[in-house]
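The sequence and the model come first, and the description follows.

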Amino acid sequence: MPVAAPSAQQLVDRFGRVHTKLRVSVTDRCNLRCFYCMPAENVAFLPKPELLSYEEIERVVRVAASLGVTNIRLTGGEPLVRRDLPALVARLSTIPNLSLGMTTNGILLGDLAQPLYDAGLRSLNVSLDALDPVKFREVTRRDGYERVLAGIEAAQRVGFQSIKINAVAIRGLTEDQLVPFGHFARESGCEARFIEYMPLDADHAWEREKVLFADEIIDALSASIQPLVPLDGDGHSPATEYAFADGVGRIGIIASVSRPFCANCNRFRLTSDGKARACLFSHDETDLRSVLRSDGTDEQLADALLACVAGKWEGHEINTARFLYPDRPMYSIGG
Ligand code: SAM
Ligand code: SF4
């Protein structure tokens with residue numbers, strides 16, 4: 001395994017944003033079919049040889065770390081459907097000064113929580129849009145609600161601290177889930193994070209009218225449970241965080257539509273087929289796989305990553321008439 005030398009270079013773009021967080025997608029496959037992400041049927045998945053191997057992913061992450069990346073989040077598709085994911089976590093956990101997290105739908109977490117923890121994973125976001133099996137099925141078009149709850153419990157048991165529950169907030173569908181999630185956050189110790197629905201669905205059925213906005217979520221929780229008090233953040237988290245006034249239970253809001261945080265964005269992405277993307281909504285990608293598979297050097301990989309970030313645009317255009325869907329939906333980019 002080539003070792004990337006430490007470098008004084010930083011992943012900085014034209015707007016001075018220094019990038020320290022990399023989302024790494026390990027697959028575009030998934031065991032759910034959430035309507036805001038995937039088509040219901042006939043999904044064309046990438047052929048397996050096109051996916052980066054664990055060795056290739058490790059190499060990209062080592063080079064990224066040498067350029068100042070300190071935070072890796074594994075994602076997908078559903079990361080836990082990729083065979084032996086703990087083996088990748090174990091590889092990445094040998095890289096110094098790197099914090100390792102994962103976003104998962106939790107279906108397979110019951111059995112994998114322990115091996116993932118043992119391999120060095122420490123931060124966990126579990127996606128769950130409803131605290132109700134019928135509504136869960138409506139969103140995901142699959143069964144599995146109880147398995148996700150069992151997965152969260154297993155993760156707590158094996159020692160994961162500060163598990164965050166990601167719930168996409170959708171008008172006309174999940175308003176009645178806000179208060180139950182508020183109580184869940186207070187009782188479980190997990191932060192409940194509401195994500196405004198974004199135009200990243202494969203069916204291109206997103207409409208602004210379907211977005212349940214941050215202000216409405218805060219008002220509903222404050223009126224029904226306790227006033228929500230904003231917490232100081234690091235200025236780079238996509239989530240604005242709140243605590244209930246009595247100190248019990250934390251809520252996060254990712255308001256990508258109503259309060260875009262592009263000006264402070266410090267993250268970029270690696271797709272499962274080895275393309276670097278500066279933004280979820282980018283219209284271009286930087287091909288790292290061709291560098292990896294043509295005996296490219298670490299310097300060439302570093303140059304490709306630096307160029308990708310340097311070319312980042314100022315921000316997404318969801319709120320303008322210019323908005324164009326990216327070429328890939330969420331499951332294929334890696335959320
Ligand atoms: N399968 C894993 C999961 O669901 O956690 C990881 C990948 S998923 C694409 C990552 C996150 O993106 C999930 O929390 C999911 O709810 C969110 N997501 C997917 N499509 C979205 C959309 N159109 N708008 C907002 N969030 C979305
Ligand atoms: Fe699968 Fe996650 Fe997309 Fe749902 S959001 S379909 S769980 S990749």
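## Cysteines, core and ligand surroundings

Cys 279 is buried, with a relative accessible area of 13%. The structure is a predicted model, and the values that follow are to be read as computed from that model.

The cysteines can be taken up from here. A disulfide is a covalent bond between the sulfur atoms of two cysteines. The structure holds 0 disulfides. With a relative accessibility of 1%, Cys 190 counts as buried.

| Protein residue and atom | Ligand 1 atom | Distance |
|---|---|---|
| Glu 78, side-chain N or O | nitrogen | 3.2 Å |
| Thr 104, backbone N or O | oxygen | 3.2 Å |
| Ser 127, side-chain N or O | oxygen | 2.5 Å |

Which residues have the most contacts inside the largest nonpolar core? That core has 109 residues, and the ones with the most contacts inside it are Ile 72, Leu 74, Phe 194 and Ile 251. The largest share of the core, 7 residues, comes from helix 9, which covers residues 298–310. Setting aside residues up to four places away in sequence, Ile 251 touches Gly 182, Ala 185, Glu 191, Ala 192, Phe 194, Leu 221, Leu 228, Thr 240, Glu 241, Tyr 242 and Phe 244, a list that includes Phe 194, itself among the core residues with the most contacts.

Helix 1, which covers residues 54–66, includes Ser 66. Ser 66 is buried at a relative accessible area of 12%, and a polar atom of its side chain lies 2.6 Å from the backbone oxygen of Val 63. Arg 59 is also placed in helix 1 and counts as buried at 14% relative accessibility. Although Arg 59 and Leu 292 are 233 residues apart in sequence, their C-alpha atoms are 8.7 Å apart in space.

Ile 95 belongs to the loop between helix 2 (85–92) and strand 3 (99–104), and its relative accessibility of 5% counts as buried. Leaving out residues up to four places away in sequence, Ile 95 touches Glu 58, Val 61, Arg 62 and Ala 65. Between Ile 95 and Ser 66 there are 29 residues of separation in sequence and 9.9 Å in space, taken from C-alpha to C-alpha.

Is Lys 21 buried or exposed? Lys 21 lies in strand 1, residues 21–25, and counts as buried because its relative accessibility is 18%, where the limit for buried is under 20%. Apart from neighbours within four places in sequence, Lys 21 is in contact with Asn 71, Asp 234, Asn 266, Arg 267 and Phe 268.

His 204, in the loop between strand 6 (191–196) and helix 7 (214–224), has a phi near 55°, a positive value in a residue other than glycine. At 47% relative accessibility, His 204 counts as partly exposed. Asp 295, in the loop between helix 8 (289–292) and helix 9, also has a positive phi near 55° without being a glycine, and Asp 295 is exposed, at a relative accessible area of 74%.

Conventions. Residues are numbered from 1 along each chain as its sequence is written. Chains are lettered from A and ligands numbered from 1 in the order in which they are written. This is a predicted model: local features need pLDDT of at least 70, side-chain atom pairs count only at pLDDT 80 or more; totals for chains, interfaces and linings use all residues. Side-chain values use heavy atoms; hydrogens and water are left out. A nonpolar core is a set of buried Ala, Val, Leu, Ile, Met, Phe, Trp, Tyr and Cys residues joined through side-chain atoms within 4.5 Å. Buried means under 20% relative accessible area, exposed over 50%, partly exposed in between (1.4 Å probe, protein chains only). Helices (H or I, at least four residues) and strands (E, at least two) are DSSP runs, numbered from the N terminus. Contact means heavy atoms within 4.5 Å. A polar contact is a pair of N or O atoms within 3.5 Å; within protein, one must be able to donate a hydrogen and the other to accept it, and residues adjacent in sequence count only if both atoms are side-chain atoms. A disulfide is a pair of cysteine sulfur atoms within 2.5 Å.
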